[in-house]
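Good morning, everyone, and thank you for letting me take a few minutes of the meeting.

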Amino acid sequence: MRKKCSIEGCDAPKGLCKNSMSSDYQECDEWRSIDEDKADKGKSSSIETNIPWTGMELTPEDIGLLSHRSSPIIIGLIGSANAGKTSYIGMLYTLLFNGRKFNNWSFAGSYTLNAWEAQAKSLKINSKGKVPFPKSTPSHPDYYSLYHLALKKDKRLYDILFADSSGEVFTKWATDTENSEAENAKWIYQNSDGFIFFVDCEALIIGRGGARRPILQLAGQISSNLGTRKVVVVWSKAEKINEISAPLKKSIDEGLQRFFPNAPHLYISNFSASPDDEYCYVNNLATSETILDKITQSQKLRLTPIISNSPDFFFSYGTSNQ
Ligand SMILES: Nc1nc2c(ncn2[C@@H]2O[C@H](COP(=O)(O)OP(=O)(O)OP(=O)(O)O)[C@@H](O)[C@H]2O)c(=O)[nH]1
Ligand SMILES: [Mg+2]
C-alpha cells in the first residue's frame, strides 16, 4: 500500500504517472516492477529472518501485529496541509532518541523505527546547511502512515499508533465525510481513540481571516461524532504566535472552545530559541503525554460497576458507554 514510483519526477500514486501522463499508474511497467521487487524482498526477508514487519510505517492491515498483546491506542494527527503534523512525528522521535523523556511513560520499543528515523532525519541540517523538513504526506486515499510506539506506564505496556495523514485529504473529508478520495481520513476518524488537533500559526499570519474557516470547519467535523474521545489542541510553529493578529487568535480560541470545550491547548515549535526552549523541548513531549493520559484515564473510568440483578459477581462488571 505504501510505495512511491521510483522514476524521478513521477508523482504516482499520489498524482499522475509520468510515463502515461494519466492516473493509470498501475498499468505502468515501472510501477509493476516496484510491485514485483517488493514481493521478492518480502519473500526473501521472511525466509531469512521470519520478521513480519519492515520498520516502516504500518497500515491498518498490519494492526494484527500488535493486537496479539493488546488493542492499540490510536492517536489521529489532524490539521490542514502544511500544519506541521509529520514534522511533529520527526520531532517527537528526535527528542526521545536524544534522551528526553515523558514524565510518566517510558519507551519500550517500536515496530516502525525506520519510519520514525526517516522523519527525524528530515529535521536535521543537511549537507547544504538546510533543514529539509518532511515531504508533504501523499494525499492518495489508500495511503496510511501509522507510527508505532510501545510505552509503559504503571508497569503496564501500551501499544500506541500515531496516525499521520495528508492535510489535503482531511480538508476534503471535512467538507464531505463520505468523499471516496478521503477514505484514509474517514478510517482515522472512526478508529482513533483521541486526536491531536493542529492549528498552524504561520497559516494564520499569512492567510489572516481567510485561514480561520478551514480550521474551524475541520474542528467542527471532528467534534461532530467525537463521543467521549479526547482532543488536545496544538498551536504549531508557535515561535511565531505573537505575529497572529490578536482578534483572529481570540476568534480561533473561541471557536475551538465551542467545539472542544475541555481540550488543553499547547504551543509547539520545531525551532528552538534556546537549549531549554519550552515550545520545542517540553511541549512537543507534553502534547503526546497529555493525550495519552487523557485516553488511558478515560479507559480506566469506562470499567465501572453496573447495577445488575444477577447474583453472579462476574456479570456485575461491564464496559459502560459513559
Ligand atoms: N516556522 C516553522 N515552520 C515549520 C515548523 N515545523 C514545520 N514547519 C514548516 O511547515 C512545513 C510543513 O510541515 P509538515 O510537517 O510537512 O506539515 P504536514 O501537516 O505534515 O503537511 P501535509 O503532509 O501536507 O498535510 C515544513 O515543510 C516546514 O517548512 C516550525 O516549527 N516552525
Ligand atoms: Mg505530512
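This is a predicted model: local features need pLDDT of at least 70, side-chain atom pairs count only at pLDDT 80 or more; totals for chains, interfaces and linings use all residues.

Let me begin with T287, which touches I196, V232, V234, L266 and I268 when residues up to four places away in sequence are not counted; two residues are in contact here if their C-beta atoms, placed from the backbone, lie within 7 Å. Residues are numbered from 1 along each chain as its sequence is written, and chains are lettered from A and ligands numbered from 1 in the order in which they are written.

Is T287 buried or exposed? T287 counts as buried because it has 24 C-beta neighbours inside 10 Å, where the rule is that 20 or more other C-beta atoms within 10 Å make a residue buried, 12 or fewer make it exposed, and anything in between is partly exposed. T287 sits in helix 10, residues 278-302, and its C-alpha atom is separated by 8.9 Å from that of H265, which is 22 residues apart from it along the chain.

Stepping back to the chain, we find 10 helices and nine strands, these being DSSP runs numbered from the N terminus, with at least four residues of H or I for a helix and at least two of E for a strand. Of the 322 residues in the chain, 37% are buried.

Seven strands form an open sheet with mixed pairing, in the order 2-3-4-1-5-6-7, and two strands are said to pair if DSSP finds at least two bridges between them. Strand 2 and strand 7 stand at the edges with a single partner strand each, so one side of each is left without a neighbour in the sheet. From one strand to the next, the twist averages 30°, with axes being lines fitted to C-alpha atoms, for helices over the stretch in contact, and angles running from 0 to 180 degrees between N-to-C directions.

How many bridges join strand 3 to strand 4? There are nine, and these two strands run antiparallel, with Y147 having F162 in strand 4 as its bridge partner. The hairpin of strand 3 and strand 4 has two residues between the strands, and D154 there takes a positive phi near 50°. Strand 1 and strand 5, by contrast, pair in the parallel sense over four bridges, and I75 stands opposite G194 in strand 5.

Helix 3 lies across strands 1, 2, 3, 4 and 5, running at about 145° to strand 4. The largest nonpolar core has 68 residues, of which I78, I160, I196, F197 and V233 touch the most other members; such a core is a set of buried Ala, Val, Leu, Ile, Met, Phe, Trp, Tyr and Cys residues joined through C-beta atoms within 7 Å. Helix 3 gives the largest share of this core, six residues.

Finally, ligand 1 is surrounded by 21 residues, the closest being T86, S87, F133, T137 and G167, where a residue is near a molecule if its C-beta atom, placed from the backbone, lies within 6 Å of it.
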